[in-house]
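Dear colleague,

Here is the structure I promised to hand over. Please look through it first, and then read my notes below.

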Amino acid sequence: MRRHGTMTREEACDMLWSLYLISGAPMYEAPDYDSVQPWPYKDERDNDIAAKSRVISALSIMDTKQMSRNLGIHEQRLKHLHAAYAAAIIKRLKSLHLPDFGKKETALKDEIIRSHPANPDGNVIGSDIKDYEWTHRWNNLVTFSSRNSMYHSYVSKIMEKRFIPMLVKYFPDQAGEVVKYIRKAGYGDGEVLDLIDRTAGYNSNTAYLYQGKSGEEHRKKLQRKQSGE
């Protein structure tokens with residue numbers, strides 16, 4: 001996408017198929033946090049999450065007008081395809097995130113520590129098979145917790161901030177289409193305007209999303225909050 005020159009139709013097709021395959025690829029089949037099985041992906045903890053994020057970043061900067069000419073399809077169809085890809089990725093990661101996991105993580109760590117078959121000399125890791133199982137259980141809990149945080153941080157810090165401006169750009173003055181894809185991404189009706197606030201914000205390009213009674217009430221609430229009332 002960074003190279004100079006216009007893509008051929010074959011290159012454009014290859015790119016869209018690649019993004020489709022990465023979007024739909026399964027996440028790592030990682031052991032659960034209480035498993036004694038070793039982590040199966042050596043030196044990899046979040047490559048699957050990062051790959052999904054890069055798909056949305058790529059979609060958000062793509063020139064849909066040029067791409068539609070290369071492919072010989074209507075630009076609007078391409079926009080809907082991109083929006084569907086991005087929405088599916090975000091919904092998948094949101095569904096994997098456990099918001100309350102941190103509340104029980106400390107108790108789980110304490111439980112694992114108490115179960116450690118410590119050696120007489122005080123070493124943490126020994127050659128006994130139980131020590132290896134303990135280590136895998138500890139590592140799996142730490143990795144699970146880290147990935148759980150990553151699901152949220154990748155969505156909130158990267159994906160949402162690409163997704164909403166992309167929808168606003170794709171569907172100007174079509175609030176129904178924007179809201180449709182936000183819902184497809186796993187957000188409830190009560191979350192829509194808060195999501196827009198923290199990503200695109202209220203401005204001349206997004207004012208159409210705040211139309212209607214609920215939008216007006218939300219905007220007034222936001223103004224009161226900004227003024228410190």
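By about how many helical turns are Trp 17 and Tyr 20 separated in helix H1? They are three residues apart in H1 (residues 9-24), so about one helical turn separates them; helices here are DSSP runs of H or I with at least four residues, numbered from the N terminus.

Before going on, please note that this is a predicted model, in which local features need pLDDT of at least 70 and side-chain atom pairs count only at pLDDT 80 or more, while totals for chains, interfaces and linings use all residues. Residues are numbered from 1 along each chain as its sequence is written, and side-chain values use heavy atoms, with hydrogens and water left out.

Trp 17 is exposed at 55% relative accessibility, whereas Tyr 20 is partly exposed at 42% (buried means under 20% relative accessible area, exposed over 50%, and partly exposed in between, with a 1.4 Å probe and protein chains only).

The structure holds eleven aromatic pairs, where rings of Phe, Tyr and Trp (its six-membered ring) pair if their centres lie within 6.5 Å, and planes under 30 degrees apart count as stacked, over 60 as edge-to-face and the rest as tilted. One of them joins Trp 17 and Tyr 20, whose ring centres are 5.4 Å apart with planes at 85°, so this pair is edge-to-face. Ring pairs also link Trp 17, Tyr 20 and Tyr 85 into a cluster.

Conventions: Helices (H or I, at least four residues) and strands (E, at least two) are DSSP runs, numbered from the N terminus.
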